[in-house]
Amino acid sequence: MKFKLLRKTLDAAGEKLFAEGKPLAFLYPLYDAADTFFFTPGQKTSGSVHVRDCNDFKRTMIFVVYALIPCALMGIYNVGLQANQLIARYGASVAMPNDWHGAFLTWLNGHCPGLGLFDVHSVIGCFLYGLTYHLPIYVVTMIVGLFWEILFARINRHEVNEGFFVTGFLFPLICPPTIPLWQVALAISFGVIIGKEIFGGTGRNFLNPALVARAFLFFAYAGQISGDKVWTAVDGVSKATPLSYASGGVDALAHAGYTYKDAFFGTIPGAIGETSTLACLIGMAFLLIVGIASWRVILSMFIGGMGLATILANCVGAETLAAHPAFTLGPHWHLVLGGFAFGMTFMATDPVTAAATRTGQWIYGLLIGALVIVVRVFNPAYPEGVMLVILFGNCVAPLIDYFVVNANIRRRMKRLETR
């Protein structure tokens, strides 16, 4: 009954307000996006030439959002946990930074002390603490990103598709919690316009828009996006990520107090949604079960990265290991540090920007996995290579498919010639 009422309300609003010639006709793409969010399109195809599948574009995008939820929940909790650990270590004065976040948290803690905002042992308190940082980033991302989506939809006279809901959910998870909101607005604008819309919108872009936005931040504001202070939501105290210590090898990680258990579960500093390998694996399992992610890309990236890491850790001389301790990191460490698991699950598997042919997907994944390890081990000044390597993979994916297709054509031509 409720769904029928909602259906009638949307139909009436569409006819009276958003139809051609009506007062809000210029907002029809936004109305259409809301309508298709709640209901599948009323038009159905028929005939033997069409492929029938329950996983339409909308449902595919929603499945990706579902898969990202564990990473988001764990990431939000971890933001508060990291902050409260530093508060407990350095004193209560750290809990009151001179910004609106600190003022709001202090006010909230004063009026609702039972929430345990600054209690490192309170799961709810840590989650709410982290939410006050993640939620503004997400809201700004959605408002600014949807503005550009609606504008281009209106100009090009097409619907607002669900592709941005994935980008809008994904981008805040690859940002540090203390990123200024104006930088979020600039970055998502760059990602949507330059990374997608100028190529024709969702399905025609060859770069992942969320990674384009993140790369914009990295190159435009390198000092503010990669320093130690950006990873913890506490004023005046900095804490480096484990990956920054990884250039010193396993001993440096142990000396800094980072354990493999912490890295696997995600209770370490880092981008909001990238720290928990366990949450990434849960999302990966879901995407594989529903048939959204390519298992070939995931498996080949895993083989490429872990294989090269194994070779470097076990087949390099003692003198080289002493001079370059990053070589000592085994594959198990590379999997849980940085954004390897997150990129392998949600970024490299993007069906629009990844290789399309089966053989091409194997080459694409192997290339990305191996290059990530190369960047991490041989370039200690920039220990994390997942973002830029996947963007590089996006650029060469069409070329990989081109050679694979042409190789198949030549092979089939030879078969025809021998008959």
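1. Secondary structure. The protein chain of this predicted model contains 19 helices and zero strands.

2. Burial and surface. The protein chain has 419 residues, and 49% of these count as buried. Its accessible surface amounts to about 20500 Å², with carbon and sulfur atoms contributing 66% of that area.

3. Contact range. When contacts between residues at least 6 apart in sequence are considered, 72% of them link residues at least 24 apart.

4. Helices α5 and α7. Helix α5, spanning residues 123–156, packs against helix α7, residues 181–195, at an angle of about 35 degrees, and the two axes lie 9 Å apart. The crossing of α5 over α7 is right-handed. On the α5 side the contact is formed by P136, I137, V140, T141, V144, G145, W148, E149 and F152, while α7 supplies L181, V184, A185, I188, S189, V192 and I193. Sorted by class, this contact comprises 12 nonpolar residues, three polar residues and one charged residue.

5. Helices α13 and α17. The axes of helix α13 (residues 277–289) and helix α17 (residues 340–347) come within 9 Å and cross at roughly 20 degrees. Because angles under 35 degrees count as roughly parallel, α13 is classed as roughly parallel to α17. Here the crossing is left-handed. From α13, residues T277, C280, G283, M284 and L287 meet A341, F342, M344, T345 and F346 of α17. The class composition of this contact is seven nonpolar and three polar residues, with no charged residues.

Conventions:
Residues numbered from 1 in each chain as written. Predicted model: local features only at pLDDT ≥ 70, side-chain atom pairs only at ≥ 80, totals over all residues. Heavy atoms only, no water. Helix = DSSP H or I, 4+ residues; strand = E, 2+ residues; numbered from the N terminus. Buried < 20%, exposed > 50% of the residue type's maximum accessible area, 1.4 Å probe, protein only. Contact = heavy atoms within 4.5 Å. Areas by Shrake-Rupley, 256 points an atom, 1.4 Å probe, with all protein chains shown as cover. Axes fitted to C-alpha atoms, helices over the stretch in contact; angles between N-to-C directions. Left-handed = near helix turned anticlockwise from the far one by under 90°. Nonpolar A, V, L, I, M, F, W, Y, C, P; charged D, E, K, R; others polar. Parallel < 35°, antiparallel > 145°, perpendicular 65-115°, else oblique.
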